[in-house]
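I opened my notebook to record what I looked up in this structure, one entry at a time. The model is a predicted one, and I kept that in mind throughout.

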Amino acid sequence: MSTEQEPATPQDELSQAPPPEQPEGDDHAAALDELQDRWRRALADLDNLRKRHAKELDAVRNEERARTAAAWLPVVDNLDLALTHAGSDPSAVVEGVKAVRDQAVDVLRRLGHPRYEETGVPFDPAVHEVVGTVDDPDTEPNTVVQVVRPGYGVGSRQLRPAAVMVSKRQE
């Protein structure tokens with residue numbers, strides 16, 4: 001058996017408080033009743049504000065999901081079209097798939113996540129992930145010589161860093 005009680009809320013304390021003494025008449029009691037009423041109304045307003053904010057946040061999330069999904073629909077349509085023509089000329093299918101890839105990269109760019117795949121730039125751990133090193137006497141040490149997997153996004157909006165091969169220091 002636990003002897004602990006739940007902590008009382010200010011509203012519980014007010015409802016359990018003994019009635020105020022009336023040495024100076026009903027003025028103090030009326031003022032106290034008015035303050036309690038205003039306090040309860042403020043709590044109710046705060047609760048309503050929290051509920052309205054939660055509904056608005058949910059609506060904004062749903063709108064953003066729908067906007068993002070709508071941006072990808074043309075990519076899906078073109079992939080379906082490429083699959084329909086898969087039995088025809090293989091070079092035309094490859095060109096079509098490349099065009100769909102370019103379209104998908106453009107969608108990512110418009111959503112704020114541009115593709116990053118530069119070579120010949122200094123290694124930057126904020127945008128690169130080293131997956132290997134290469135001995136290349138023609139390049140400066142710690143220079144990106146090959147992009148294995150492109151990165152997407154910039155700064156705090158980075159989806160993933162670029163996986164790169166970096167030149168190492170010659171010894």
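**Entry 1: a serine in a strand.** I began with Ser-167, which I found in strand β5, a strand that covers residues 162-167. Is Ser-167 buried or exposed? Its relative accessibility is 1%, and since buried means under 20% relative accessible area, Ser-167 counts as buried.

I then looked up what surrounds this residue. Leaving aside the neighbours within four places in sequence, Ser-167 is in contact with Val-134, Asp-136, Thr-139, Glu-140, Pro-141, Asn-142, Thr-143 and Val-145. For one of these, Glu-140, I also noted a distance: a polar atom of the Ser-167 side chain lies 2.5 Å from the backbone oxygen of Glu-140.

**Entry 2: the sheet around β5.** Next I asked in which order the strands of the sheet are arranged. The sheet is open and has 3 strands in the order β2-β5-β3, with mixed pairing. The edge strands are β2 (128-134) and β3 (144-149), each of which pairs on one side only. On average, and with direction ignored, neighbouring strands of this sheet are turned by 30° against each other.

I reminded myself that strands of a sheet pair through backbone hydrogen bonds, either parallel or antiparallel. Here β2 and β5 run parallel and are joined by 6 bridges. As one example of a residue and its partner, I wrote down that Gly-132 has Met-165 in β5 as its bridge partner.

Entry 3: Most residues other than glycine have a negative phi. Asn-142, however, has a positive phi of about 60° although it is not a glycine. With a relative accessible area of 43%, Asn-142 is partly exposed.

**Entry 4: two helices.** Finally I turned to helix α2 (residues 26-84) and helix α3 (residues 90-110), which pack at an angle of about 170° with their axes 10 Å apart. Why do I call them roughly antiparallel? Angles over 145 degrees count as roughly antiparallel, and at about 170° α2 and α3 are therefore roughly antiparallel to each other.

I listed the residues that meet: Ala-71, Trp-72, Pro-74, Val-75, Asn-78, Leu-79 and Ala-82 in α2, and Val-97, Val-100, Gln-103, Ala-104, Val-107 and Leu-108 in α3. Sorting the residues of this contact of α2 with α3, I noted 11 nonpolar, 2 polar and no charged.

Terms used:
Residues are numbered from 1 along each chain as its sequence is written. This is a predicted model: local features need pLDDT of at least 70, side-chain atom pairs count only at pLDDT 80 or more; totals for chains, interfaces and linings use all residues. Side-chain values use heavy atoms; hydrogens and water are left out. Axes are lines fitted to C-alpha atoms, for helices over the stretch in contact, and angles run from 0 to 180 degrees between N-to-C directions. Helices (H or I, at least four residues) and strands (E, at least two) are DSSP runs, numbered from the N terminus. Angles under 35 degrees count as roughly parallel, over 145 as roughly antiparallel, 65 to 115 as roughly perpendicular and the rest as oblique. Contact means heavy atoms within 4.5 Å. Ala, Val, Leu, Ile, Met, Phe, Trp, Tyr, Cys and Pro count as nonpolar, Asp, Glu, Lys and Arg as charged, and the others, Gly among them, as polar. Buried means under 20% relative accessible area, exposed over 50%, partly exposed in between (1.4 Å probe, protein chains only). A polar contact is a pair of N or O atoms within 3.5 Å; within protein, one must be able to donate a hydrogen and the other to accept it, and residues adjacent in sequence count only if both atoms are side-chain atoms. Two strands pair if DSSP finds at least two bridges between them.
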